[in-house]
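Here is a friendly walk through one protein model. Keep the sequence and the 3D view open as you read.

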Amino acid sequence: MLYKLFLGLFFCLCICIDLFADEPVNFAFFDDKPRSLAKDFYIYEYLQQETTTLKEAKALFGMVHTMNIRFFHLFAKKMDNVEYKKISKCIDMDVSSLMKEDDECLNIGINIAKVTSLSKGQLKLIKPRLKRNNELVNLITLMESENVYEAALNSDGNTFLTLFNGSITAYKAAIFNQQIIPKEQMDKLSNYPKFNQLAYNVVQNDKLENVQKSLLHVTPSLHVNAKSLFYLGLNALKYNEKERSLYFFELSVERATKSEEKDKALFWQYLVTKDRHFLERIVQDSDINMYSLYAYEKLGLPYKNIVSPVLEGTHPTFNVSDPFAWPKVMNRVYRMSGEEVEALAQTFKYANTLPHYSYLMERVTRYSKNYYPIPYPEEISSYSVHRQALMLAIARQESRFIPSVVSTSYALGMMQFMPFVARDIAKKEKLEEFSISNMFDPRIAYLFGNIHLNFLEKSLYHPLFVAYAYNGGMGFTKKHLQGGAFSEGNFEPFWSMETMINEESREYGKKVLANYVVYRHLLGDDVAINNLFEILLLPSLSDRFRN
């Protein structure tokens, strides 16, 4: 049944839109394409073909929009540039292998983390070979001290923080976690921007208990940002210093540059005090997030600032599945005034360009309105309300529903499938006519999204866990949950939601959960976010997995 459905969609796709998807594309394909992540993706695909010539690789190198190390490795493999090949070889080597290479290779691949895995005897061998890295030489000199801890404390703050932040956890624990760092020293360190990295990482690393305790009574300078202050608040709660936690949380509110940052710190002040005044402060803002939805519910207020346009018709000229069309539009938008962007948005006021219209209008309102469109509803109307809401929640977070979007990691389309995942699904479903550019069609994106969610929901019972797995993978999610997350304890389930080590999946999960609640509301099947929080605390791990 699925195969017949796909073939029908694929046939329509080929007739209705020109997806230039006959893989592989030829070299002439790149001539008229604007620099963009979409072009980078096609270059990346092209470079992986055995038939790509040296001349073509050199030409494509100059067309790249955003270079990354994975991209660079491909170019180095294809090109005859000796320096590129050496960089590609040396940059990812472990320190033991690097020490066996020549000095040039060593200098390319070495970094602080690799250095801190060496013994003092090995440091003496490597130091004379680092001829062009004065900072690393100076750090090694410090590391050679009889008492590295004292030497680091007596150095300038930037040197201390560079060594601390760059070192591996075992080195941090061995050198810096043996005693409490004096408050005076911590206060001085907070005057450096690199202190933010220290605070954020230490709070989440239970192997650094003494460093955590050293942070409890720091007086943060103005260089300490809202994110670090929030985690300093969590750290204070861990050691039952509730007054200190409120101090850090309130400072985080004051320094927040994003509404969600502010709402998060206010929410945790509420959790500590149960003072509804903090919830009232949250709903004064226009942002919709996990914290504001909870505040609306607790205060008995209806959601506000949510817009879900319903449009009609088909844009006469814009091809929603052309991955180069939207970047051309956005290149213009970045140079436009608010009035010009609003005028442009009106030209996208059609059903098939509802995502583009919503994206532009949210920008026009400076995000004081939260757009929750339901584009291409006919493609998901046969699904349950839960599945529709989950699909929409993920698509909104992944792509804002723009069908042709390409990410920096080359995830594709509305549901942001990595090419290898999309190809794997197509293979399992025996879709012989599948081409990776089909992922730019919203119908195919929804179809594959539903297949993938069927797989995830066989094991994961909660929208939050599904979101974790969609972003970070099933293996990562199960390992996280089986490691003790969402067990009974103070401030659960929120503690586990804020302390997940994978920051990307952590924040992604919270955003998808909020989207899910809003879409259930828009689909006429309200669900309380507080009830979803309570479900997270089901007593046994066996309840968390269905197989």
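How many disulfides does a search of the whole structure find? The search finds one, where a disulfide is a pair of cysteine sulfur atoms within 2.5 Å.

## About the model

This is a predicted model, in which local features need pLDDT of at least 70, side-chain atom pairs count only at pLDDT 80 or more, and totals for chains, interfaces and linings use all residues. Residues are numbered from 1 along each chain as its sequence is written, and side-chain values use heavy atoms, with hydrogens and water left out.

## The disulfide

The partners are Cys-90 and Cys-105, with sulfur atoms 1.9 Å apart. Cys-90 belongs to helix α5 (residues 82-90) and Cys-105 to helix α7 (residues 103-109), so the bond ties together parts that are 15 residues apart in sequence. Helices here are DSSP runs (H or I, at least four residues), numbered from the N terminus.

The link of Cys-90 and Cys-105 is left-handed, with -120° about the S-S bond. Both Cys-90 and Cys-105 are buried, meaning under 20% relative accessible area with a 1.4 Å probe and protein chains only.

## Helix α21

Helix α21 (residues 290-299) is largely enclosed by the rest of the structure, because eight of its ten residues are buried. Among them are Met-290, Tyr-291, Leu-293 and Leu-299. The cover over the buried residues of α21 includes α19 (259-273), α20 (276-283), α30 (494-499), α31 (503-522) and α32 (529-535).

Look at the two ends as well. Asn-289 caps the N-terminal end of α21, with a side-chain oxygen 3.0 Å from the backbone nitrogen of Tyr-291. Just after α21, Gly-300 has a positive phi of about 70°.

## The second largest pocket

The second largest pocket holds about 570 Å³ of space. Its lining has 25 residues, and the closest to its centre are Asp-206, Glu-492, Trp-495, Ser-496 and Thr-499. A pocket is an open set of points on a 1 Å grid over the protein atoms alone, where a 1.4 Å probe fits, with protein on both sides within 12 Å along at least five of seven lines; lining residues have an atom within 4 Å of a point.

The elements that give two or more residues to this lining are α17 (226-238), α29 (474-482) and α30. The largest share, four residues, comes from α17.

## His-480

His-480 lies in helix α29 and counts as buried at 19% relative accessibility. Beyond its neighbours within four places in sequence, His-480 is in contact (heavy atoms within 4.5 Å) with Ala-485, Phe-486, Ser-496 and Met-500.

Definitions and conventions. Buried < 20%, exposed > 50% of the residue type's maximum accessible area, 1.4 Å probe, protein only. Polar contact = N/O pair within 3.5 Å; in protein donor to acceptor, adjacent residues only side chain to side chain. Points joined across faces, edges and corners; volume = space filled by probe spheres on them.
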